[in-house]
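Thanks for coming, everyone. Please have a look at it first.

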Amino acid sequence: MSIAAIAPADVLRQVRRIEVRTRRLVDSRFAGEYRSLFKGQGMEFAEVREYQPGDEVRSIDWNVSARMGRPFVKRYVEERELTIMLAVDLSGSSRFGTRARFKHDLAIELAGVLSLAAVRNNDRVGLMLFTDRVEHALPARKGRKHALRLIRDLLTVRPAGRGTSMSAMVDRLMRLLPHRSVIFLASDFLADDLEKPLARLAQRHDVIAITLEDPAERALPDIGPARLEDPETGEIVEIDTSNPLVRRAFAARVAAEDESRRKLFGRLGLDEIVVHTEYGYVDALLAFFRARARRPHGAVRTGPRGTLGDAALQPVGTR
């Protein structure tokens, strides 16, 4: 891992720009959605109050009732404090984009929204950046200052690795998070051996997959003969993008990879938010908040406007 050679003033301006933009979204569109999305990790004692008709008999505090000479009940409230961990893939394939932004730029702004929403609700939020190794880890803490530090790290960390290792990321997260947490995992998931590490992570934590996509990865541009380089391995291939056989083979592979990923997430009970460099993340994230809040059971999958539809809801499995 290395820190980008960016002047401190430039970094502060970029952090401030992201904070202003994402805070506006948090305040105007996500204010109530985030809080209703996740249940607390338990119940905590709030007070003892006098019994009222309709109260559960099981909640009566018999010791207090005996002392007071009339029935009193214990009242509990949901423990709201959560730990939110943002795990962001910085591998070579994430540094790709053919529209207004790269995939990792999309992940940075989305992580900014989630971090500010978390600290606004007094939750802890942390960060892990990974490639074929863990590039940077920021333990979960509370407060606006910490959220701005998180956004700064997203902007300034430059990865040393190019590949993708979910296992390395999961191994570190399992040590870093001893208690059940909510993990937003932002990646294009263009890697082998996803199932075992994701299954380990999902057994202990609530994992939401954020799938990063770009149009050029979905449909092969028709530009004739082209030389393409794999951004993670450096392998170079030469193909004729105008050849109908090549185009059909590419489309079939994309469809097969989509189906494989959806089935995997369904088996593991992972929610998925599909975000797109062309459409952004606002519709997909807002749709996810609303869909999950009303979901009776099973995982949900939401996508950007024009891909899965605005506020799309698609069950992909059961928990």
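Ground rules first. This is a predicted model, where local features need pLDDT of at least 70, side-chain atom pairs count only at pLDDT 80 or more, and totals for chains, interfaces and linings use all residues. Residues are numbered from 1 along each chain as its sequence is written, and side-chain values use heavy atoms, with hydrogens and water left out.

The overview. The protein chain has ten helices and 14 strands. Helices (H or I, at least four residues) and strands (E, at least two) are DSSP runs, numbered from the N terminus. Of its 319 residues, 48% count as buried. Buried means under 20% relative accessible area, exposed over 50%, partly exposed in between, with a 1.4 Å probe and protein chains only. Now contacts, meaning heavy atoms within 4.5 Å. Take those in the protein chain with a separation of 6 or more: residues 24 or more positions apart account for 73% of them.

Next, strands. How many of the residues of strand 12 are buried? Six of six, over residues 271–276. Asp271, Ile273 and Val275 point one way, while Glu272, Val274 and His276 point the other. In general, side chains in a regular strand alternate between the two faces of the sheet. Strand 12 pairs with strand 9 in the parallel sense, over six bridges. Two strands pair if DSSP finds at least two bridges between them. Within this pairing, Leu212 stands opposite Val275.

Strands 5 and 6 run antiparallel. Five bridges join strand 5, residues 124–130, to strand 6, residues 134–141. The two form a hairpin with three residues between them. Leu129 has His136 as its bridge partner in strand 6.

Is it buried or exposed? Thr83 is buried, at a relative accessible area of 8%. Its side chain makes a polar contact with the side chain of Arg124, at 2.7 Å. A polar contact is a pair of N or O atoms within 3.5 Å; within protein, one must be able to donate a hydrogen and the other to accept it, and residues adjacent in sequence count only if both atoms are side-chain atoms.

On a 1 Å grid over the protein atoms alone, a cavity is a set of points where a 1.4 Å probe fits but cannot get out; a pocket is an open set with protein on both sides within 12 Å along at least five of seven lines; lining residues have an atom within 4 Å of a point. Points are joined across faces, edges and corners, and a volume is the space filled by probe spheres set on the points.

The largest pocket has a volume of about 1,600 Å³. It is lined by 43 residues, with Leu190, Asp230, Phe250, Arg253 and Glu257 nearest its centre. Helix 9 gives the most to that lining, eleven residues. The lining divides into 20 nonpolar, six polar and 17 charged. Here Ala, Val, Leu, Ile, Met, Phe, Trp, Tyr, Cys and Pro count as nonpolar, Asp, Glu, Lys and Arg as charged, and the others, Gly among them, as polar.

Last, the largest cavity. It holds about 50 Å³ of space. Helix 4 gives the most to its lining, with four residues. That lining is ten nonpolar, no polar and no charged.
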